[in-house]
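Me: I'd like to learn to read a structure step by step. Please answer my questions one at a time and show me how you get there.

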Amino acid sequence: MRRSTRFLALAIAMGICAPGAQAQFGGLKNKLKKKVEAAAGVGGGDSTARGGASAGDATTGAPRRTGPRFDDRILEMTPEVLDRLAASLHAERTSRASAAAALSPAARQKWQACEQQVITSPEMKALLDKFSAANDRQDTDASQKAAAEMNALRDRKCGMDPSSGVYRDSVTRAANATTLQAGKFTPEQYSLLKERVVPFCKRTAEQVDGGARVAGSGRDIYYVYSQREAEALRPRCGELSSAIAATM
């Protein structure tokens with residue numbers, strides 16, 4: 001088989017393992033959006049019991065005084081929890097930057113240069129001869145095996161193709177895992193904490209019995225906070241608001 005034909009065969013072989021789907025940054029936030037809004041009281045309902053917001057009393061019009069209720073999803077924002085939140089926010093910024101570098105055009109160009117070196121290596125030539133011989137005798141199993149070996153050699157020498165869907169998914173998953181591990185949060189805990197910090201720090205908090213409240217997005221809808229949360233949040237609003245904004 002001529003050299004040009006061999007390289008065509010190699011290109012076909014390497015296409016066998018090429019994945020298709022692309023990962024999308026911010027998927028975690030999109031998946032949790034409805035749950036976050038419900039827990040934070042956006043859109044109404046008995047949100048006070050879920051820890052996010054309070055509505056006015058149906059008969060008197062007076063605001064309910066029931067405070068947030070905390071559970072394994074909605075964590076009380078104590079100083080210790082806010083320290084963990086700050087750690088996760090820092091990890092999210094740095095892991096996103098690392099992920100962006102790993103998926104950049106420069107990373108793809110570096111991978112392509114490595115691939116070219118592998119293609120011209122003696123190891124690849126031996127596998128290519130094996131692949132060509134299998135094709136000549138129409139041995140499908142042997143040609144597929146040789147193609148898999150060529151792909152494995154390339155991946156071992158150069159790593160996965162940065163433009164592949166599988167690689168992008170793995171990078172995104174790793175960035176999300178790093179973020180959550182830094183603060184020891186579940187995805188929902190982390191999203192709800194960010195969701196509750198923003199309105200308290202950006203709007204005027206009103207003192208109510210047992211804590212504070214901040215107007216939400218609808219009539220008689222409020223984000224509610226325990227007294228301990230309000231005291232812990234106030235001195236850290238600048239730091240946390242900036243950190244959250246950097247992850248948006």
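**Strands and hairpins**

Me: Gly211 stands opposite Ser226 in E4. How many bridges join E3 to E4?

Reply: This is a predicted model, where local features need pLDDT of at least 70 and side-chain atom pairs count only at pLDDT 80 or more, while totals for chains, interfaces and linings use all residues. Residues are numbered from 1 along each chain as its sequence is written, and side-chain values use heavy atoms, leaving out hydrogens and water. Two strands pair if DSSP finds at least two bridges between them. E3 and E4 run antiparallel, and the number of bridges joining them is 5.

Me: How many helices and strands are there in the chain?

Reply: Both kinds of element are DSSP runs numbered from the N terminus: helices (H or I, at least four residues) and strands (E, at least two). From the N terminus on, the elements read α-α-β-α-α-α-α-α-α-β-β-β-α-α. The counts are 10 helices and 4 strands.

Me: Which residue in the turn between E3 and E4 has a positive phi?

Reply: These two strands form a hairpin with 6 residues between them. In that turn, a positive phi of about 60 degrees belongs to Asp220.

Me: How many of the 5 residues of E3 are buried?

Reply: A residue is buried under 20% relative accessible area, exposed over 50%, and partly exposed in between (1.4 Å probe, protein chains only). As background, 42% of the 248 residues of the chain count as buried. E3 is largely enclosed by the rest of the structure, because its buried residues number 4 of the 5.

**Cores and rings**

Me: Which residues touch the most other members of the largest nonpolar core?

Reply: A nonpolar core is a set of buried Ala, Val, Leu, Ile, Met, Phe, Trp, Tyr and Cys residues joined through side-chain atoms within 4.5 Å. The largest one here has 25 residues, and the members that touch the most others are Leu85, Phe185, Val197, Phe200, Leu233 and Leu240.

Me: Beyond its neighbours within four places in sequence, which residues is Leu233 in contact with?

Reply: Contact means heavy atoms within 4.5 Å. With those neighbours left aside, the partners of Leu233 are Met77, Leu82, Val197, Phe200, Tyr225 and Leu240.

Me: How many aromatic pairs does the structure hold?

Reply: Rings of Phe, Tyr and Trp (its six-membered ring) pair if their centres lie within 6.5 Å; planes under 30 degrees apart count as stacked, over 60 as edge-to-face and the rest as tilted. The number of pairs is 2.

Me: Is the pair of Phe185 and Tyr190 stacked or edge-to-face?

Reply: The centres of Phe185 and Tyr190 are 6.1 Å apart, with 20 degrees between the planes. Both Phe185 and Tyr190 are buried. The geometry of this pair is stacked.

Me: Why is the pair of Phe200 and Tyr225 edge-to-face?

Reply: Phe200 lies in helix H8 (residues 187–202) and Tyr225 in strand E4 (residues 222–226), so the pair ties together parts 25 residues apart in sequence. Phe200 and Tyr225 are both buried. The pair is edge-to-face because the ring centres are 5.0 Å apart and the planes are at 65 degrees.

**Loops**

Me: Is Gln138 buried or exposed?

Reply: Gln138 lies in the loop between helix H5 (122–136) and H6. Its phi is near 55 degrees, a positive value in a residue other than glycine. At a relative accessible area of 71%, Gln138 is exposed.

Me: Is Lys184 buried or exposed?

Reply: The place of Lys184 is the loop between H7 and H8. Lys184 is another residue other than glycine with a positive phi, near 60 degrees. Since its relative accessibility is 69%, Lys184 counts as exposed.

Me: Is Asp161 buried or exposed?

Reply: Asp161 lies in the loop between helix H6 (140–158) and helix H7 (165–183). Apart from neighbours within four places in sequence, Asp161 is in contact with Arg108, Trp111 and Tyr167. With 17% relative accessibility, Asp161 counts as buried.
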